[in-house]
Amino acid sequence: MANPKSVKILETTRVTPSFDSPISSKELALPLTFLDISFFKFPPFECVYFYQLTESTSTPFYFSSEILPRLKQSLSLSLLHYLPMAGYFRWPSDSPKPIILYTPNDGISLTVAESNAQNFNTLSGSEAYKANELHPLVPKLMISDDIAAVLSLQITLFPGQGFSIGTTAHRAVVDGKVATMFMKSWAYLCKQGNKGSPSLPPELTPYFDRSVIKDPTRLDLIFLNDWLALTSSDSDPNKKNLKIWGGNTTVPDHLVRATFHFTREDIKKLEEKVLLNMDADTKQLHLSTFVLACAYTGTCLVKAKGGEGDRPVIILFAADWRTRLAPPLPTTYFGNCDLRFKSSAKASNFMDEKGFLFAVHMLSDLVGGLKKRVLHGVEEKVRGLSATNLPGLQK
């Protein structure tokens, strides 16, 4: 198991949006859309970013005196543009659903740590390593019955190597697009240096207007009631509990992470394999890099696990829906706007010599659903998600 003692906590502080602007002195409340509520009880969104430094710039003294202050200052400026990230997830007594609320002086928890492990290159590279080795680099997100933080950050220095930034964000507030926009904004403002309150480029400026998400059938309340029915009991008086579903999950010590690279030549060979084995009357397939890589990876995973051929296997992925709505949303819309697409089949379909071709057909059909510029079948897509957590499934 990863040794948590390899990481020493140096400081835990709170970073608020810059006080240099009147923007931070105003309260901001955002209602949740049905797309947000579909992730209401999901575990937080976690990610670790690695930044390599030279030997001279990765000493504890240089890092704490030069790099860390700049990171903190630019983080404060970033929060000024992303006020909801500094706020909290709440459920007011007079509100039918939770809201995201920022009030003046709200801020995020920032942990500063130092690691004595010599595994920076391994963790930031493609080699296989134990999955739980990343855990000491990721901060906890404060979530209680009646309030939850939106974002927590941890900066960890690896002396002589580099540093990492671990992020933990509430899944009902941000999706992958928003999380990436925020990190890019932080990097952009950090690069600008001490220049007052610089603005962000249009592609990083968040769009907060929730009225662009139309919900005439009140899917928000339908999904919320589904969550409450799933996670609450008749004897539980607190139906407005904000705690996530399932709690903490321990990662077994034997699980590993690794990165496998598909070259252009690899993708070309996979495409040729599909075309060579297609029947003349086979419908046209969507042979993108995504479809080919996922089909090959999924087939390998099923074969590696082995087991009974009758066991169910689920292929599931999420897609950004901002530009696929009619009319499309601004690409910088702040909030959840991804939908999950899934299909299932027996493991035996993936395990024979035509398993790869079978997986390509599955994924091609799923990707074909992205061409519909409406929220067709969204209720079934969200409600069916809980079925993927049944025991015995391989995902």
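K243 is partly exposed, at a relative accessible area of 42% (buried means under 20%, exposed over 50% and partly exposed in between, with a 1.4 Å probe and protein chains only). The model is predicted, so local features need pLDDT of at least 70 and side-chain atom pairs count only at pLDDT 80 or more, while totals for chains, interfaces and linings use all residues. Residues are numbered from 1 along each chain as its sequence is written, and side-chain values use heavy atoms, with hydrogens and water left out.

Nine salt bridges were counted, a salt bridge being a side-chain nitrogen of Lys or Arg within 4 Å of a carboxyl oxygen of Asp or Glu. In one of them K243 pairs with D145, with 3.7 Å between the closest N and O atoms. The two residues are 98 residues apart and link distant parts of the chain: D145 is in the loop between strand 7 (129-130) and strand 8 (147-149), and K243 in the loop between helix 6 (219-231) and strand 11 (256-257). Helices (H or I, at least four residues) and strands (E, at least two) are DSSP runs numbered from the N terminus. D145 is partly exposed, at 32% relative accessibility.

A salt bridge also joins the side chains of R171 and D338, at 3.1 Å from N to O. This pair ties together parts 167 residues apart in sequence, because R171 lies in the loop between strand 10 (162-169) and helix 5 (176-192), whereas D338 lies in strand 13 (residues 338-346). Both R171 and D338 are buried.

For R218 and D220, the closest N and O atoms of the salt bridge are 2.8 Å apart. D220 is buried, at 2% relative accessibility, whereas R218 is partly exposed, at 38%. Through salt bridges that share partners, K97, R218 and D220 form one network.
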